[in-house]
Amino acid sequence: QAGQDEQHHDGADDDTADFKKYGLDKPQVVVTVGAGSARAELALGAKTDDGNVYARDLTRPVVFTLEGTLLDDLKRPASDLRQKDLFEFRTFTVISLDITSGGQTYTFTRDAKATDNTPATWKLTKPTAKSVDATKANDMLTNFSGLRADSFIDAASAGTETVVTARFGLDTAPKEETLIFRVVPSKDKAAPPVVHAMHKGEKGAMVISALEFDKAMAIFKELTG
């Protein structure tokens, strides 16, 4: 919540207030905020001498000030305000990871948690059981968890698909998240492919760094042979 000065300004605490001097007769931005069935409209007007901005709830005549950075944020494109981290999990919170590639699902399960002196250890439990290099496994997880959206599109294009499902958090009640990745050939045959990613159950997709995705997949392929 932005900082707020609730002090009434001259002439702005009654129905005859002159909003023009606060830039609220023609607000720069009007924001509609919803919570359940409730709705509120907030108008932001001129900036104050100290860089804050005059504002008011459109259902009330009271004028107050908010931090000027709020106005700057609201003028940014919607894509700038979207969550760009693909995964919520972090390397130290993962319990298990399923990666489905080429029609086969591989499951990595944490064997022992990290300590102050040693990293977490991992084993491959599906399709065959075997121990895996702890450093490489943790590097793979770090690369996946660090993937970020470069831009957003309405839907992912067709391409070679990889599905990653992470279980993380409390051992007794883990959270789960699934990302679907598609390596999409470029229309320009001389250009490298692009990678689209989407959360399971969502229509929109994200364009991510093919280089960063390839780093994670290269370690995955090394660990699974």
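A salt bridge is counted where a side-chain nitrogen of Lys or Arg lies within 4 Å of a carboxyl oxygen of Asp or Glu. The structure holds 10 salt bridges. The model is predicted: local features need pLDDT of at least 70, side-chain atom pairs count only at pLDDT 80 or more, and totals for chains, interfaces and linings use all residues. Residues are numbered from 1 along each chain as its sequence is written, and side-chain values use heavy atoms, with hydrogens and water left out.

The protein has four helices and 14 strands. Helices (H or I, at least four residues) and strands (E, at least two) are DSSP runs, numbered from the N terminus. Of the 225 residues, 36% are buried. Buried means under 20% relative accessible area, exposed over 50%, and partly exposed in between (1.4 Å probe, protein chains only).

Asp85 lies in the loop between helix H2 (78-81) and strand E6 (94-101), and Arg148 in the loop between H3 and strand E10 (149-153), so the pair ties together parts 63 residues apart in sequence. Asp85 is partly exposed, with a relative accessible area of 22%. Arg148 is also partly exposed, at 42%. Salt bridges with shared partners join Asp85, Arg90 and Arg148 into one network.

Glu88 pairs with Lys175 in a salt bridge, with the closest N and O atoms 3.0 Å apart. Glu88 is in the loop between H2 and E6 and Lys175 in strand E12, 87 residues apart. A further salt bridge links Arg110 and Asp171, at 3.1 Å between the closest N and O atoms. Arg110 belongs to strand E7; Asp171 sits in the loop between strand E11 (160-169) and E12, 61 residues apart. Arg110 counts as buried, at 16% relative accessibility, whereas Asp171 is partly exposed, at 48%.

Aromatic pairs number eight. Rings of Phe, Tyr and Trp (its six-membered ring) pair if their centres lie within 6.5 Å; planes under 30 degrees apart count as stacked, over 60 as edge-to-face and the rest as tilted. The rings of Tyr106 and Phe220 have centres 5.3 Å apart and planes at 80°, so this pair is edge-to-face. Tyr106 lies in strand E7 (residues 104-112) and Phe220 in helix H4 (residues 210-224), so the pair ties together parts 114 residues apart in sequence. Both Tyr106 and Phe220 are buried. Phe144 and Phe181 form a tilted pair, 6.4 Å centre to centre with 45° between the planes. Ring pairs link Phe87, Phe89, Phe144, Phe168, Phe181 and Phe213 into a cluster.
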